[in-house]
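Here is a short briefing for a first look at this structure. Keep the sequence at hand while reading.

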Amino acid sequence: MSPKRGIQHEIQLHQDSPLPNIGMYKMSVMESAEIKKQIQELLDKGIIRPSSSPCGSPIVLVPKKDGTWHICVDFHALNKITIKNHYPLPRIDYLLDQLKYANYFNKLDLRSGYHQIRIVEGDIWKTTKQGLFEWLVVPFGLCNALATFMRVMNEVLRQFLDECFIVYLDDILIFSKSHDEHVMHVRKVLDVLKKEQLYLKMSKCEFGKNSLVYLGHIVGGGELKIDLSKVDILLNWPRPKTVTEVRIFWEHPNIGGNSMLTFFL
């Protein structure tokens, strides 16, 4: 369970809005068994707890690339009545400009980053799923989650921002001009992350690279080049004809969010 920090996720609702209480979606026997198993795992980890809240949001299972399933909650109704947090995101072109003269890079990936941020105690009841359990940490699918994550990372690593460390959403990068300088920078950043109990997923981190892909660009060696694989996806994607197809296009990990398309827009 993540520690209580100065910044926690708040869910402020518009006044007089009806609370969402949506029933379960139709599930197969296999899906029900998978949900039951994953809920027990979340309970064992202290990520959720039983709830008697009047709110309720339905559970959905999302397939992963490896054939397993990821449990998600459909928070559309809750998000609709939530006051939006307009915490500013940094300009991507400004972030990339800082990497012009860097020769060494580390890209970091937090292990279930949202789950390392607590929800304010008074707002936990609003995250109830199926009317049975509520989240103690930030789940995927909540609006304003990215804003809270950015605030936490900027606050925790403020002393390194724009010096040897940049972050855009969940893309975290340490950069340095020389090897010795890089070793010092990495050690300092990792020491702060350890102190703040923010844990990395080592299999997704890249250490001591002279070149890597960041925000849709290849950086390193004093050069900045577009990652052509992102352009190929855009050029070869079939023209969307329905709202659902547009949503699928935008939510693709290499197109929406921190992608090339966002950069050019």
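**Salt bridges and strand pairing**

E155 is partly exposed, with 44% relative accessible area. Its side chain meets that of R158 in a salt bridge, 3.0 Å from N to O. The model is a predicted one. A search of the whole structure finds seven salt bridges.

**Other salt bridges**

- R49 and E121 join side chains in a salt bridge, at 3.1 Å from N to O.
- R49 sits in strand 1 (residues 48-50) and E121 in the loop between strand 4 and strand 5 (133-135), so this pair ties together parts 72 residues apart in sequence.
- R49 is partly exposed at 28% relative accessible area, and E121 is partly exposed at 48%.
- A network of salt bridges links R49, E121 and E134.
- D123 forms a salt bridge with K126, with the closest N and O atoms 2.9 Å apart.
- D123 is buried, at 10% relative accessible area. K126 is buried too, at 10%.

**Strand 4 and its partners**

- Strand 4 covers residues 104-108, and four of its five residues are buried.
- Strand 4 pairs with strand 7 (residues 171-176) in the antiparallel sense, over five bridges. Here Y104 stands opposite S176.
- Strand 4 also pairs with strand 8 in the antiparallel sense, over two bridges. Here K107 stands opposite E206.

**Surface charge**

- A patch of positive charge on the surface gathers K45, K64, K65, R111 and K204.
- K204 is placed in the loop between helix 5 (179-195) and strand 8 (206-209).

Key. Residues are numbered from 1 along each chain as its sequence is written. This is a predicted model: local features need pLDDT of at least 70, side-chain atom pairs count only at pLDDT 80 or more; totals for chains, interfaces and linings use all residues. Side-chain values use heavy atoms; hydrogens and water are left out. Patches are made of residues with over 30% relative accessible area and no salt bridge: like charges are joined within 9 Å, nonpolar side chains (Val, Leu, Ile, Met, Phe, Trp, Tyr) within 5 Å. Accessible areas come from the Shrake-Rupley method with a 1.4 Å probe; for residues, only the protein chains shown count as cover. A salt bridge is a side-chain nitrogen of Lys or Arg within 4 Å of a carboxyl oxygen of Asp or Glu. Lys and Arg count as positive and Asp and Glu as negative; His and the chain ends are not counted. The place of a charge is taken as NZ of Lys, CZ of Arg, CG of Asp or CD of Glu. Buried means under 20% relative accessible area, exposed over 50%, partly exposed in between (1.4 Å probe, protein chains only). Two strands pair if DSSP finds at least two bridges between them.
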